[in-house]
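Welcome to this short tour. Please open your viewer and get ready to select a few residues.

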Amino acid sequence: MERADRPDLPYVTATAALLRLGRILSTVSAGTARHLARHTWRRLKGRPTTAADWPEELCRIVERLGPAFIKFAQIASTREDVLPPRACAALKRLHDNVEPMRPQDAHLALTEHLGSERAELLTDFHPEPLGSGSIACVYPARLSDGTQVAVKLRRPGLTDMVRRDVTILSTVFALAGRLPGLSGAPLADMAHAVGASVLRQLDLEAEARNLALLRDDLSTLEFIAVPAPVTALCGESCVVMDFVPGVRDHVEVAELSTERRRALADQTLRAIFEMLFCTGLVHCDLHPGNLRLTRTGSVVVLDAGFVYRVPEVVRENLALFFLNLGFRNGPRCAEAVLASAEQVDRHSDTAAFTTDMTRLVDRYGGTTARDFDLIAFSTELFASQRRNGIYASSEFVFPLLALLMVEQTVRRLDPEVDFQAIARPIVFRAASGRPAGERRRRLETAG
């Protein structure tokens, strides 16, 4: 894979890392001390004590630690099967409700981006954000012709801190991956993927390009909407894009009818599978803040900062893997993994790996969302690779991360959805040479 697709994490000196680590520990200690002090005060006053407010304090600690920690927390918040439900509920605030920039900072950032022509290009800019994330905040505005738009502005002064934190967190996760019970999980690769994504999200001009590509790729899906960037007004620190009606609504799954929930689960999975098997351009950050349900029954895909292009050979083998998973053909699934592995040599026990895969596929193949545990499945898959000397391609991690982010959302929408059945016709269409996004690829080639 080209380095442009997966850049090396930045080098950070030991002194800078230790100084930052000290600040991290100080922030965690202070937050913990505040929680314990409140707990002790309640006891002294004879009031009921509870641990229920600890997740909220955890959320505040993560927010103070900054963008890299927030991104890992966003991913963790989607895994109610791993973290306590109260912790997941508290961390979900970090999807799009981080403390926003001060109004004067937002005005200054916009002025620095657009220059003196700002008044002519944008009107009705409101410094009260539509959403505030770890890297940027989004504000409402209008173009000079009255068109309503959303303006995404990057927070100032993030680069150095993000670089240090990404390196520290990647090291911690790599060490955690060696612990008993976690040795099969691709924690180091996932940490690398998330860390590199945080760094890429600092470049909003690249995000605008990705947004345009995703919009084109997913245009054939009826219930999926992707805002179009206003290219002439985008830059490294700003994305100006269409304002999608209904995107501000915070719609709970329980508010929707059973039929609408099933349709949305179907469309969400189709969007993921179109990206994985057909277009090759995958949105790997579809947490609930970036995958919005609207009251009109559509799904809006936002924030194209963490987008990954799956290499052709990996895409083909991934399609083969999913197709045979649905048919419970373990040996063919093993062939797909082996074909995409970085290294298979004379020391690799491919027969034992195929046997492991057959057992695993027999257990999970053809199951619905309710019964399919992606974390357990992937952990066993990577553990078998490690045990049998199969050096897995790290590029398989990016599709896995994309699926991990939407698994809980899909399960809440329709626990009976058969995601393997939805994938099957898309895989067949991709194999027949009629994938969505082909027009875009032809245009890119011609250019």
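In which sense do β5 and strand β9 pair, and over how many bridges? Select residues 299–301 for β9: β5 and β9 pair in the parallel sense, over two bridges. Here a strand is a DSSP run of E with at least two residues, a helix is a run of H or I with at least four, and both are numbered from the N terminus. Two strands pair if DSSP finds at least two bridges between them.

Before moving on, a note on the model: it is predicted, so local features need pLDDT of at least 70, side-chain atom pairs count only at pLDDT 80 or more, and totals for chains, interfaces and linings use all residues. Residues are numbered from 1 along each chain as its sequence is written, and side-chain values use heavy atoms, without hydrogens and water.

Now click A225, whose bridge partner in β9 is V300.

Next stop: the cavity. On a 1 Å grid over the protein atoms alone, a cavity is a set of points where a 1.4 Å probe fits but cannot get out; lining residues have an atom within 4 Å of a point. Points are joined across faces, edges and corners, and the volume is the space filled by probe spheres set on them. The whole structure has one cavity of 30 Å³ or more, and the largest cavity holds about 390 Å³. Select F322, F372, L374, L400 and L403, the closest to its centre of the 28 lining residues. Finally, colour α15 (397–413), which gives the most to this lining, with seven residues.

How values were computed
1 Å grid on protein atoms, 1.4 Å probe; cavity = no way out; pocket = protein on both sides within 12 Å on 5 of 7 lines; lining within 4 Å.
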